[in-house]
Amino acid sequence: MKSRPVAEKKRVLYRLGEVLESYTMLAPAYVIFLVFIFVPVVWAFYLSFFDYSILSMRTPEFSGIDNFRRVFSDPVFWTALKNTVRYSLGTVPTRLVLGLLLALALDQANLWGRKIFRTIYFLPVVTSMVAAAIVWSLVFSASNNGLANQFLSLFDVAPKGWLSDSNLAMFSVCVLSVWKDLGYVMTIFTAGLQGIPLELYEAGAIDGATVWQRIRFITIPLLRPTTFFILVTEIISSFQVFTQTYVMTSGGPGYSTTTLINLLHNKGFVQFDMGYASALAVALFISLLFLSWVLRKVFKADEIVY
Amino acid sequence: MKRVVTAIVVGLVLAAMIVPVSAAKKVTINFWQAGGDSQTAPVMRQIIKEFEAANPDISVNFQAVPWGEDPHVKFQAAIVGGTIADVFTIGDPFQHVLAASGALEPLDKYMSKEMKRDFYPQFLERCSVDGKVVALPWFGDVRAMLYRKDLFKAAGVPEPNPSWTWDEFLTYAKKLTRDTDGDGVIDQYGFGTSGRYVSQYQVFLVQNGVNFIDEEKGIATANTPAAIEAMQFYVDLVRKHKVTPPGITTIALQDIQKMFAEGKVAMFFDASDTAVRFSKEPALAGKLGVALLPHNKAHGAFGGSDVIVMSSQSRNKAAAWKFLSFMVSREPMLAYCKACGFSPVLKSASTDPYVKADPIRKVYTEQMEIGGFFYFKHPKASSMTPVIRAEVQQAMEGTKSVQAAMNDMQKALEDLLKSK
Amino acid sequence: MTPKLKKKRTCREIVLAGLKYILLVAGAIVMVAPVLWMLSTSLTPDSVIISYQLIPSKITFENYVRAWDFPRVFSDSVTLGTFFFNSVLVSALITGPALIIDSLAGYVLARRDIPGKNLLFYLALATMMIPFYVIAVPLFLVVRKLRWLDTFQGMIVPFLSSGFGVFMFKQFFQSVPKELEDAALVDGCSPWRIYWSIMLPLAKPVVGTMTIFKAMWSWNQFFWPLLIINNIKLKTLPLALTMFRGLNVTEWGTLCAGMTIATIPIVVVYLLMQDSFQKGIVMGAVKG
């Protein structure tokens with residue numbers, strides 16, 4: 001008679017202890033998120049409604065949605081948005097397709113030099129973006145000394161202003177970016193391919209499916225979770241592009257490589273116009289959230305335990 | 001255990017007693033240099049060493065912040081964060097940006113009349129806001145024309161005379177743009193420039209008697225006929241006459257210098273430090289010429305200056321002033337200018353053979369006197385740069401007409417001048 | 001008929017395989033060319049008139065010596081070794097603790113049944129969507145409040161946990177069969193014990209992956225140290241490299257030597273952990 005409530009009590013206590021211990025285990029990560037991410041984010045949100053230049057030491061004046069109005073009526077913002085979308089469209093699909101092709105090509109266990117290839121293709125991922133951008137600005141140097149123009153001269157093509165021609169500058173930035181991150185995408189796809197049960201391919205082979213059919217009807221559908229993962233992380237990071245354009249072109253020529261973060265950096269750190277920068281940041285954050293929500297719907301990601 | 005605790009306590013108390021005494025004896029001030037690099041650091045450290053020897057009660061903690069580390073951004077952050085150095089150098093006209101926010105200590109009260117009088121007035125004027133001196137010039141410089149004597153000779157072009165005009169400049173540039181090895185491809189260009197630096201094209205406006213903004217009236221003047229005419233002349237060099245090498249809208253000045261050294265570019269504007277460096281380059285011996293810039297309606301040459309300032313947050317202003325005033329005194333200034341190839345800004349330094357006798361320095365001094373001008377003296381000056389640059393680059397590329405680019409620039413500058 | 005068809009197919013396959021190989025090699029050349037070029041420039045004697053070549057005409061190690069001693073012009077006691085040491089220290093002190101912190105959180109979110117779990121997970125995901133520049137200024141002010149400007153802890157502590165790390169570990173721990181844990185629960189093990197003695201050892205490959213990601217990221221971070229570090233003795237390698245770029249003179253050979261020195265350690269880390277890196281991605285990002 002007496003033992004049951006005791007057992008109950010014990011279980012409740014145990015459960016309580018377990019919950020407490022779990023929270024303690026979460027604490028380090030979330031304390032850091034709280035102090036170093038959430039507080040600054042809330043601060044940024046708050047500032048977006050104020051007319052504030054932190055350098056001027058004036059008290060911030062509440063200005064309602066004035067900062068947002070300034071952002072959206074600024075033609076440079078729309079150019080930057082267009083450039084960022086161009087960058088995203090120029091890099092994400094390219095990386096996705098090339099990365100998948102590479103992963104498929106290197107998926108054969110008997111391929112000679114497989115590991116060397118994987119290492120080489122991954123090499124740019126580990127180099128620093130600053131160093132990569134410096135080296136690539138030499139590659140794209142307008143004089144005929146640049147590697148890119150040396151290559152063109154092999155085919156008797158006149159040297160091009162890779163970074164000084166507004167029609168080419170964004171392309172050059174995209175080339176660097178694809179080069180830099182292709183290995184990452186390849187690696188994730190390789191991992192995804194390893195997760196596909198071999199039996200499925202064997203079954204496909206028995207049914208007389210061609211290589212292409214196998215890829216089309218087995219590999220690609222089964223890679224959906226992987227593709228979703230890559231797409232989300234790649235799109236998010238493509239909207240944050242900055243170092244490349246900052247080092248190679250400082251956003252020029254004209255505004256042709258000015259991206260959203262270039263604009264944010266310029267407003268926030270060169271002009272210290274925190275109101276504008278914060279409003280831009282908030283707009284960017286909300287659109288990224290929205291974009292990942294759309295992607296989830298498109299990929300029916302809710303079905304993919306994520 | 002107890003003894004250990006006692007020992008520690010006693011030790012701490014003793015230390016606490018000693019520290020203030022020694023601190024009262026020796027003051028440490030922080031000094032940061034924007035754009036400090038491997039060329040400037042040795043001489044700067046030597047100057048500091050001399051200062052410390054003469055002032056044993058002050059020690060200077062020196063940090064060089066290379067341009068690659070974005071010193072202006074960094075310094076602004078440090079001002080906001082309250083960690084800014086007591087004394088620091090910045091590039092003109094950044095003192096106006098900082099002064100507008102009250103970050104700089106006004107210096108008049110520290111300065112003697114003799115000291116004020118020794119600075120060239122146009123430089124001191126650059127450092128004043130509403131009649132108050134907020135910074136002191138630390139060296140000065142203008143751009144003059146660097147040219148290749150050998151290439152001029154090979155193309156049969158006379159060397160520029162001091163009163164040459166835009167027309168002569170254009171004629172020379174055209175003649176100097178040629179195919180030297182006869183393979184049908186142009187491999188030498190008359191004029192090297194870059195759309196990346198406002199200094200490279202603002203000078204044409206000034207030579208035409210205008211500027212992007214009228215500082216006195218506080219209005220933008222980018223789409224006035226004279227400004228458009230000047231910009232058209234510049235853009236035509238690139239697009240119509242094609243006397244400039246390809247791909248120059250965003251090129252780094254270093255690359256232009258390289259092309260000049262390699263003989264691919266016959267003329268370009270640069271400061272005296274480059275001229276001095278090239279004059280010592282064995283490969284360019286006897287080939288380097290330095291001339292005044294051409295003119296149209298007026299003379300004009302973009303001047304630059306690094307200035308030295310004291311933070312209003314400094315807790316050791318007396319020591320900071322001692323150091324600052326030492327830095328801008330004759331000997332240290334001359335030492336720095338000699339090492340880096342710049343011009344001193346003190347009248348008393350003009351007697352030094354470095355200023356008096358050096359042929360390169362002479363051209364630069366003359367250029368400064370007949371047409372030196374500076375970037376805008378405005379709190380929004382650094383915000384104007386990206387706007388001007390972006391519009392000019394678009395015109396250089398032909399994605400916009402000069403007229404359209406200048407109209408858009410006008411609007412953007414008006415917005416900046418209006419904003420708080 | 002059948003044999004003929006088969007032969008034709010193998011023939012086509014050989015051609016395809018050859019073509020694939022050529023493309024792979026061509027791609028690999030494009031990938032390494034810039035890196036090789038950096039190496040080659042670092043081995044070429046420096047002069048005003050530089051010509052960029054893929055293969056150096058004359059090899060010298062002078063640039064490396066120069067790069068190593070270069071920082072001495074700024075301060076007697078500083079060499080490239082100082083920055084190298086700082087970089088190692090900062091990267092190690094971010095990577096090590098971050099692995100524990102992220103995996104702890106990942107484990108709890110994957111396995112413990114606690115209130116608010118989903119919300120916490122989405123918060124962790126949301127951190128991935130915030131560009132660093134958005135929070136840089138407020139973060140600077142937070143770090144100033146903590147009096148951590150110009151300190152190592154200022155470079156380290158804000159990055160000790162990451163949404164990406166929490167996510168990867170959570171995905172992995174979710175895929176571990178429940179039975180393993182149940183046995184321990186019957187024995188009355190606490191969540192901490194289960195995490196430490198059962199789950200974490202299983203997560204080795206994910207640890208490998210995250211080590212590379214974290215090390216790579218912290219080794220190469222540039223903007224944040226630039227903002228908060230002024231003391232030359234605390235600078236890390238990426239910051240130090242800016243010293244090689246003067247206003248007028250960039251010593252490309254020295255710069256490339258410095259960049260090479262800055263790249264090698266991280267490449268070595270990758271080569272050492274390559275195998276578990278790949279496995280960890282399978283477990284963290286793909287399964288789950």
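Predicted model: local features only at pLDDT ≥ 70, side-chain atom pairs only at ≥ 80, totals over all residues.
**Notebook: interfaces of chains A, B and C**

Residues are numbered from 1 along each chain as its sequence is written, chains are lettered from A and ligands numbered from 1 in the order in which they are written, and side-chain values use heavy atoms, with hydrogens and water left out.

**Entry 1: the domains of chain C**

I took the bounds from the domain assignment, which gives domain 1 (2-64) and domain 2 (72-286) of chain C; such bounds come from an automatic or database assignment. Nine residues of domain 1 of chain C and 10 residues of domain 2 of chain C make the contact (heavy atoms within 4.5 Å).

I then looked up the buried area, the accessible area (1.4 Å probe) that two parts lose on being put together, summed over both. Domain 1 and domain 2 of chain C bury about 810 Å² between them, with 72% of it on carbon and sulfur atoms. I found zero salt bridges between domain 1 and domain 2 of chain C; a salt bridge needs a side-chain nitrogen of Lys or Arg within 4 Å of a carboxyl oxygen of Asp or Glu.

**Entry 2: chain C with chain A**

I found 94 residues of chain C in contact with 83 residues of chain A. The two chains bury about 8,000 Å² between them, 78% of it on carbon and sulfur atoms. In chain C, Met31(C), Met129(C) and Tyr133(C) lose the most area to chain A, together 10% of what that side buries.

How many salt bridges cross the interface of chain C and chain A? I found one salt bridge there. The side chains of Arg112(C) and Glu18(A) meet in a salt bridge at 2.6 Å, N to O. I also listed 13 residue pairs in polar contact across the interface of chain C and chain A (both at pLDDT 80 or more).

Which helix gives the largest share of the side of chain C that touches chain A? Helix α13 (residues 252-286) of chain C does, with 16 residues. I took helices (H or I, at least four residues) and strands (E, at least two) as DSSP runs, numbered from the N terminus.

**Entry 3: chain A with chain B**

I found 31 residues of chain A in contact with 31 residues of chain B. The area buried between chain A and chain B is about 2,300 Å², and carbon and sulfur atoms give 50% of it. Between chain A and chain B I found zero salt bridges and six residue pairs in polar contact (both at pLDDT 80 or more).

On the side of chain A that touches chain B, the elements giving two or more residues are α7 (166-194), α11 (243-248) and α12 (260-270) of chain A. α12(A) gives the most to that side, with four residues.

**Entry 4: the outline of chain A**

I counted 13 helices and two strands in chain A. The C-alpha atoms of chain A fill a box of roughly 95 × 75 × 30 Å along the principal axes.

How values were computed. Polar contact = N/O pair within 3.5 Å; in protein donor to acceptor, adjacent residues only side chain to side chain.
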